[in-house]
Amino acid sequence: MWAELLPVGRSAASGGYRRFAWSSADAECRDWFEGQARARGLTYELDRNGNQWAWLGDPQGPGAVVTGSHLDSVPDGGAYDGPLGVVSSFAALDELRARGTELARPLAIVNFGDEEGARFGVACIGSRLTAGVLSPGAAFELRDADGVRLPDAMERAGHDPAAIGADGDRLARIGAFVELHVEQGRHLAEDRPVGVASAIWPHGRWRFDFHGEANHAGTTRIEDRRDPMLTYANTVLTARKKARLAGALATFGKVAVEPNGTNAIASLVRGWLDSRAADEPTLTALVAEIERAAAERGDRDGVRVELTRESYTPVVDFDGPLRDRLARVIGGDGGAAPVLPTGAGHDAGILASAVPTAMLFVRNPSGVSHSPAEHAEEADCLAGVAALADVLEDLACQ
């Protein structure tokens, strides 16, 4: 399975992946998922929001145990973020069948659409729509960098967007959702190959628009300039400093410049801030400090600063009893498995308000993620499959 997915959407130049929502690479991944489901005799289903489901047992039955993740990527992302969870889910099902396990509940594997938000700017669109966190109206207004609207992209890919929206009936049939994911950090590097998530830090994306004045780079005196690039650069440095002091994270990872000429002073610099913290008051205060510093520097530079919050996810504390149960199941004779928080968002975090939800992390020796260098050792991946199979067996046989 892993070998089949590796070439899909891979850039020959960077070695990273460009599997963006409703693209040709995304379609290949979806075809792969459907093929894996049908090859195992599972009931395949595409829901109203474009999420894919593979069912063992009655899809309409109560108390289903669901596992899975996503197959899309960030620009030039790694091979493991998302796909490891989907591949491991099919492999765990194979393991359960090899054991002769008889399930008492329906079991499903899911591929949530557009988890990364790389194309339309909002993460976890498939699960947000399903949970009712993102309204159809708001989703219909989303556009990619080329101005293509989300519903148009869905339609071009062969999916009818007319029915998108909250799917409460589906969520009501789920008794537990467990997502396996490569760890995006190094907390497990010195410990054990598989851990359990305790919580997801609150996080969001903010767009800063720095409005200046376009002018000639070779003739405009320094004192006559209204250069938004200066305000932007100072804001990036300020964000890093204030995040470090707050014990939080702040990253400007995307920028757009107009008119984007080498010999022209910019008229507009648009920068996107990703910020995360251990608690919501810290995050709120941090973004407010960055905004205030940007405005103050803008006044000095003759630059007007506007801030738009594009997405926000509050703190997610995973279901306590389910988390503790997973830690015991995969801990074995060595005691409970490691339990650790994460700053990365996941579909599991979106569903946590409606469904008992938990996560397993597979060790990442370097801690690198959202990069072609992202990696997990094969032995650790196999340990993740075994752990997931144990968890599914424990949950679905009772």
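Start with Trp206: in this predicted model, its bridge partner in β12 is Arg309. Strand β7, covering residues 203–211, pairs with β12 in the antiparallel sense, and nine bridges join them.

Now widen the view to the sheet. It is an open sheet of four strands, in the order β9-β11-β7-β12, with antiparallel pairing. Strands β9 (249–258) and β12 (304–313) stand at the edges with a single partner strand each, so one side of each has no neighbour in the sheet. As you go from one strand to the next, the twist averages 20°.

What packs on this sheet? Helix α8, residues 228–246, does. Helix α8 touches β7, β9, β11 (268–276) and β12, and its direction makes about 170° with that of β9.

From α8, turn to helix α9, which spans residues 280–301. The axes of the two helices come within 9 Å and cross at roughly 150°. Angles over 145 degrees count as roughly antiparallel, and that makes α8 roughly antiparallel to α9. The crossing of α8 and α9 is right-handed.

On the α8 side, the residues include Leu230, Thr231, Asn234, Thr238, Lys242 and Ala246. They belong to a set that meets α9 residues, among them Leu286, Glu289, Ile290, Arg297, Gly298 and Asp301. Sorted by class, the contact of α8 with α9 has eight nonpolar, six polar and four charged residues.

Terms used. Residues are numbered from 1 along each chain as its sequence is written. This is a predicted model: local features need pLDDT of at least 70, side-chain atom pairs count only at pLDDT 80 or more; totals for chains, interfaces and linings use all residues. Side-chain values use heavy atoms; hydrogens and water are left out. Two strands pair if DSSP finds at least two bridges between them. Axes are lines fitted to C-alpha atoms, for helices over the stretch in contact, and angles run from 0 to 180 degrees between N-to-C directions. Contact means heavy atoms within 4.5 Å. Angles under 35 degrees count as roughly parallel, over 145 as roughly antiparallel, 65 to 115 as roughly perpendicular and the rest as oblique. A crossing is left-handed if the near helix is turned anticlockwise from the far one by less than a right angle, and right-handed if clockwise. Ala, Val, Leu, Ile, Met, Phe, Trp, Tyr, Cys and Pro count as nonpolar, Asp, Glu, Lys and Arg as charged, and the others, Gly among them, as polar.
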